[in-house]
Amino acid sequence: MARADSSAGVVRDDSQGMDLALEEARAAFDEDEVPVGAIVVIGGRVVARGHNRTRADCDPTAHAEIVALRSAARVVGAQRVVGATVYSTVEPCFMCAGALSHARVARVVWAVRDPKFGGAASMGQVLTDPRMNHRCEVAEGVHAEVVRELMRRFFEGKRRKAQGE
């Protein structure tokens, strides 16, 4: 579930930010959701956290980035979170990248690309396309191996379950 978060204190670097996004991804894993987590940081402080909730909420838009972004917008009391950095364990899809752009997020950091749905680098460049009226700074690869292993474990478990093991 999305929540405002002032207890995490200050995020000093991308590694620390991704560690917090990973906490959310692990919560999604534990809830049998695709293990993607996201946090929103403004002025070095975590203002919101979220993880995938598509199954729990019966909502195809309840991706980690959207869940966290909605919470952050409520915290700041505006539809835009200007100056924010969003940490997501997986490259945002087209929907999430569009929402991040509309929210005027300054920077987006993710661990691993999503070759099938990624809208920020893999299949499109929504966040950096020069035709967009807002562009974000992007960075990738922070804790990529840890995230890749979490995703592998999740989908391997799904395949085993589907095969009746």
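## Close-up views of a predicted model

At 23% relative accessibility, Ile42 counts as partly exposed, a label for residues between the buried limit (under 20% relative accessible area) and the exposed one (over 50%), worked out with a 1.4 Å probe on protein chains only. Before we go on, a word on the source: this is a predicted model, where local features need pLDDT of at least 70, side-chain atom pairs count only at pLDDT 80 or more, and totals for chains, interfaces and linings use all residues. Residues are numbered from 1 along each chain as its sequence is written, and side-chain values use heavy atoms, with hydrogens and water left out.

View 1. Ile42 sits in strand S1; helices (H or I, at least four residues) and strands (E, at least two) are DSSP runs, numbered from the N terminus. Leaving aside neighbours within four places in sequence, Ile42 is in contact with Val47, Val76, Val81 and Ala84, where contact means heavy atoms within 4.5 Å. Look over to Arg53, 11 residues apart from Ile42 along the chain, and the C-alpha atoms are separated by 23 Å.

**View 2. Val81, a buried loop residue.** Find Val81 in the loop between helix H3 (64–76) and strand S3 (85–90). Is this residue buried or exposed? Val81 is buried, with a relative accessible area of 1%. Setting aside neighbours within four places in sequence, Val81 is in contact with Ile42, Leu69, Ala72, Ala73, Val76, Ala103, Arg104 and Val105.

**View 3. The largest nonpolar core.** This core is a set of buried Ala, Val, Leu, Ile, Met, Phe, Trp, Tyr and Cys residues joined through side-chain atoms within 4.5 Å. Which of its 46 residues touch the most other members? They are Val40, Tyr87 and Val105. The elements giving two or more residues to this core are H1, strand S1 (37–42), strand S2 (45–51), H3, S3, helix H4 (94–102), strand S4 (107–112) and H5. In soluble globular proteins, nonpolar side chains tend to be buried together.

**View 4. Helix H1 beside helix H5.** Two packed helices are described by the angle between their axes and the distance between the axes. Here, the axes of H1 (residues 14–30) and H5 (residues 144–162) come within 11 Å and cross at roughly 5°. That makes H1 roughly parallel to H5, a label for angles under 35 degrees, with over 145 being roughly antiparallel, 65 to 115 roughly perpendicular and the rest oblique. The axes are lines fitted to C-alpha atoms, for helices over the stretch in contact, and angles run from 0 to 180 degrees between N-to-C directions. On the H1 side you'll see Leu22, Ala25, Arg26 and Phe29, which meet Val146, Val147, Leu150, Arg153 and Phe154 in H5. By class, this contact has seven nonpolar, no polar and two charged residues; Ala, Val, Leu, Ile, Met, Phe, Trp, Tyr, Cys and Pro count as nonpolar, Asp, Glu, Lys and Arg as charged, and the others, Gly among them, as polar.

**View 5. Asn52 and its polar contacts.** Asn52 is in the loop between S2 and helix H2 (54–57), and Asn52 is buried at a relative accessible area of 8%. What does its side chain reach at 2.8 Å? The answer is the backbone nitrogen of Ala64. A polar atom of the Asn52 side chain also lies 3.2 Å from the backbone oxygen of Val34. A polar contact is a pair of N or O atoms within 3.5 Å; within protein, one must be able to donate a hydrogen and the other to accept it, and residues adjacent in sequence count only if both atoms are side-chain atoms.

**View 6. Glu23 reaching Arg49.** Glu23 belongs to helix H1 and is partly exposed, with a relative accessible area of 41%. Its side chain makes a polar contact with the side chain of Arg49 (2.6 Å).

**View 7. Two residues with positive phi.** Most residues other than glycine have a negative phi. Asp32, in the loop between H1 and S1, has a positive phi near 60°. His143, in the loop between strand S5 (137–140) and H5, has a positive phi of about 60°.
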